[in-house]
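Thanks for coming, everyone. I have one model to walk through today. Please have a look at it before I start.

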Amino acid sequence: MELWQVPLSFSRLRMFPFFDLAHYVASILALKEQRGERGEAGRGGHPTPPMRIPVFPPCVPGGAQPRQGVVEVSVRSPLACWFSAMLYCFGGSVLSSLMLGEPPVAFLAKTINILLASSVWYLVFYCPEDIFCRCFSFLPLRLLVAGMKEVTRTWKITDGIAHADTVYKDACLIMVAVGWARGAGGGLISNFEQLVRGVWKPETNELLHMSYPVKVTLIGAVLFTLQRRQYLPIAKHNLVFLYTIFLVVFKVKMMLTRCATSPFAPVEAAVCQMFFGSGKTPSKVKGESATSSNGSSVCDQPSEQHHEGAKRKQAKKTE
């Protein structure tokens with residue numbers, strides 16, 4: 001095989017069963033790492049100590065139960081845990097179907113995929129001695145699974161764009177939206193997934209605090225839409241190859257360095273400061289609002305300084 005044929009052969013890879021299996025493993029392992037109300041991992045990727053479960057649960061007014069992590073939910077309600085796992089695995093299909101007016105339960109028709117994802121879910125949460133999770137805690141295996149999951153992200157974006165183009169011909173915005181939803185649906189519907197587990201945290205909305213996978217999926221949806229509309233002078237298989245290499249390399253780099261900072265952060269800061277006026281820090285804005293609430297504004301400062309200067313001159317004359 002010659003070198004120029006590598007991108008073409010790569011674009012013809014089949015996702016089932018190995019890449020889909022890696023996607024299910026990585027997604028459900030990420031779900032299990034979700035903590036409870038006190039021990040939930042932050043957005044920076046550094047989890048806090050897990051919540052201890054008391055022998056006797058505390059009394060909560062109104063009979064409500066305290067928020068618990070996914071592991072506790074798997075013991076208390078296996079059905080809710082299974083449904084959350086399926087949303088993690090097939091959230092992109094659910095969200096894109098809703099956007100196109102199609103049945104959101106269409107993913108359940110893929111019986112083999114559902115059985116495969118359910119098997120992974122059972123092994124992750126109920127395997128004796130947690131052997132399955134311990135095997136995937138081995139770093140090289142974890143990197144392999146994470147890299148294969150990023151490969152499936154590219155295929156989901158392209159499939160979503162192609163499907164949207166068949167329903168709404170040449171509608172670029174719809175193609176971008178559906179491709180974004182198909183590739184990052186698990187993150188975009190994270191609030192609904194948390195609600196299944198009895199957790200309601202609207203402040204974790206991905207549109208308010210977009211994570212790196214959601215951002216890079218949006219960029220990919222834009223690029224593949226432009227390529228499909230022939231605005232980018234590049235073949236599809238070459239773009240698929242380059243974009244996937246970018247995803248895998250940065251994912252592995254972030255896992256090895258344990259750095260959750262987005263590589264787009266400098267560009268985002270420059271663009272926001274240039275076009276949206278977000279150059280001021282929140283502390284400066286807060287200080288300005290506090291000054292205005294006390295009854296003084298920027299326009300009042302020159303008159304106040306003039307009044308103080310007059311007082312000083314009067315004091316010098318009396319001396």
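I will go from the overall fold to salt bridges, a surface patch, a pocket and some backbone details.

First, the ground rules. This is a predicted model, so local features need pLDDT of at least 70, side-chain atom pairs count only at pLDDT 80 or more, and totals for chains, interfaces and linings use all residues. Residues are numbered from 1 along each chain as its sequence is written, and side-chain values use heavy atoms, with hydrogens and water left out.

Now the fold. The chain has 14 helices and 0 strands. Helices here are DSSP runs of H or I with at least four residues, strands are runs of E with at least two, and both are numbered from the N terminus. Read along the sequence, the pattern is α-α-α-α-α-α-α-α-α-α-α-α-α-α.

How much of the chain is buried? Of its 319 residues, 35% count as buried. Buried means under 20% relative accessible area, exposed means over 50%, and partly exposed is in between, with a 1.4 Å probe and protein chains only. The accessible surface comes to about 19600 Å², and 64% of that belongs to carbon and sulfur atoms. Those areas come from the Shrake-Rupley method with a 1.4 Å probe; for residues, only the protein chains shown count as cover.

Next, contacts. A contact means heavy atoms within 4.5 Å. Take the contacts between residues at least 6 apart in sequence: 72% of them join residues at least 24 apart. Here is a pair of positions to look at. Glutamine 5 sits in the segment before helix H1 (6-10). Glutamine 5 is partly exposed, because its relative accessible area is 28%.

On to salt bridges. The rule is a side-chain nitrogen of Lys or Arg within 4 Å of a carboxyl oxygen of Asp or Glu. The count comes to 8.

Start with arginine 142 and glutamate 33. Their closest N and O atoms are 2.5 Å apart. This pair links distant parts of the chain: arginine 142 is in helix H7 (residues 139-167), glutamate 33 is in the loop between helix H2 (18-32) and helix H3 (70-76), and they are 109 residues apart. Arginine 142 is partly exposed at 25%. Glutamate 33 is partly exposed too, at 40%.

Now arginine 228 with aspartate 165, at 2.8 Å between the closest N and O atoms. Arginine 228 lies in helix H10 (residues 212-228) and aspartate 165 in H7, so the bridge ties together parts 63 residues apart in sequence. Arginine 228 is partly exposed at 35%, while aspartate 165 is buried at 7%.

Then lysine 215 and glutamate 268, with an N to O distance of 3.0 Å. Lysine 215 is in H10 and glutamate 268 in helix H12, 53 residues apart. Lysine 215 is buried at 18%; glutamate 268 is partly exposed at 28%. There is also a network: Asp165, Lys169 and Arg228 are joined by salt bridges that share partners.

H12 (residues 265-275) also holds methionine 274. Methionine 274 is exposed, with a relative accessible area of 61%. Together, Val267, Val271, Met274, Phe275 and Phe276 make a nonpolar surface patch of about 590 Å². Patch residues have over 30% relative accessible area and no salt bridge; like charges are joined within 9 Å, and nonpolar side chains (Val, Leu, Ile, Met, Phe, Trp, Tyr) within 5 Å.

Now the second largest pocket. A pocket, on a 1 Å grid over the protein atoms alone, is an open set of points where a 1.4 Å probe fits, with protein on both sides within 12 Å along at least five of seven lines; lining residues have an atom within 4 Å of a point. Its volume is about 350 Å³, counted as the space filled by probe spheres set on the points. Which residues lie nearest its centre? Of the 15 lining residues, they are Asp20, Ser93, Lys110, Lys156 and Asp159. H2, helix H4 (78-99) and H7 each supply at least two lining residues.

Last, the backbone. Most residues other than glycine have a negative phi, and most peptide bonds are trans. Phenylalanine 16 and proline 17 are joined by a cis peptide bond, with omega about 5°. Proline 17 is in the loop between H1 and H2. Aspartate 170 has a positive phi of about 60°, and lies in the loop between H7 and helix H8 (172-188). Arginine 258 has phi near 55°, also positive. Arginine 258 is in the loop between helix H11 (236-257) and H12, and is exposed at 71%.
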